[in-house]
Amino acid sequence: MARPSSDLAAFREIFSKAKNIAIITGAGVSAESGVPTFRGAGGFWRTWQAQELATPESFSRNPSRVWEFYHFRREVMLTKTPNPAHLAIAECEERLSKQGRLVTVITQNIDELHRRAGSKNVLEIHGSLFRTRCLTCGHEATNYKSPICSALDGKGAPDPDTQDAQIPVQQLPRCEQKGCTGLLRPAVVWFGETLDSDILAQVERAMDSCDLCLVVGTSSVVYPAAMFAPQAAAAGVPVAEFNMEDTPATMRFKFHFKGPCGTTLPPALAITRPKHSEKR
């Protein structure tokens, strides 16, 4: 099997004609904004990996600890800004929409950096750090409070020697819907949970109709997102991967651009300038 091409001009030729572009993004695109990935070596908060805390069972067992973890992540995210990769994607969407062309961002990230960069057509398949869901009434709401509740103020330090705050459950974030004071949880998809069926249906429609697919900063190991691009490639859609290294799916793709997304993506998506311009 031949290695994917790294010919930028060849990619740009296909990009210039694409009418419906799906861009799948993962932790690598946010890592360049200084966002902790919590995957791989060193991906610990205190003495736990994210996979040990981001489960319904962990929340049920120790909601205070899990809320400390998510409070820490929310507070970190409020200090981060979109990087050139986020901005290039947002600018591309805005520019192409004026030409009647569609860009859909399908992201595994829960940090909302794509939205903050200006992307409008974003499908957040794992939810958002800045949304909550009530365990009693099911109401979901956007929440950017800092801290999200007074009991979490100053809590969530990631140092391994930090003791659990052991916040009483009544003082953790509570639902503000009329007549409900149920316990809130982060509206993110935890390990062992299924993706939102409505969002998944939108993803499937976007992937079925795309004529170009970009895979940006994702390890291609988290399912079901890891299947999206290989299935597009199998259906004959050109797929371009922008990543620091090869992934299990790399050899199935038409293009692979190695390096930081913030460096490789902007020139790939930049506006096409006429090669010749007459001086008057």
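Leaving aside its neighbours within four places in sequence, tyrosine 70 is in contact (heavy atoms within 4.5 Å) with Ala54, Leu129, Pro186, Val188 and Trp190. The model is predicted, so local features need pLDDT of at least 70 and side-chain atom pairs count only at pLDDT 80 or more, while totals for chains, interfaces and linings use all residues. Residues are numbered from 1 along each chain as its sequence is written, and side-chain values use heavy atoms, with hydrogens and water left out.

Tyrosine 70 sits in helix H5 (residues 63-77), where helices are DSSP runs of H or I with at least four residues and strands are runs of E with at least two, numbered from the N terminus. With a relative accessible area of 2%, tyrosine 70 is buried, a term that means under 20% relative accessible area, as exposed means over 50%, with partly exposed in between (1.4 Å probe, protein chains only). Arginine 73 also lies in helix H5 and counts as buried at 17% relative accessibility. An unreviewed UniProt entry annotates Tyr70 and Arg73 as "binding site", although such annotations may be inferred rather than shown by experiment.
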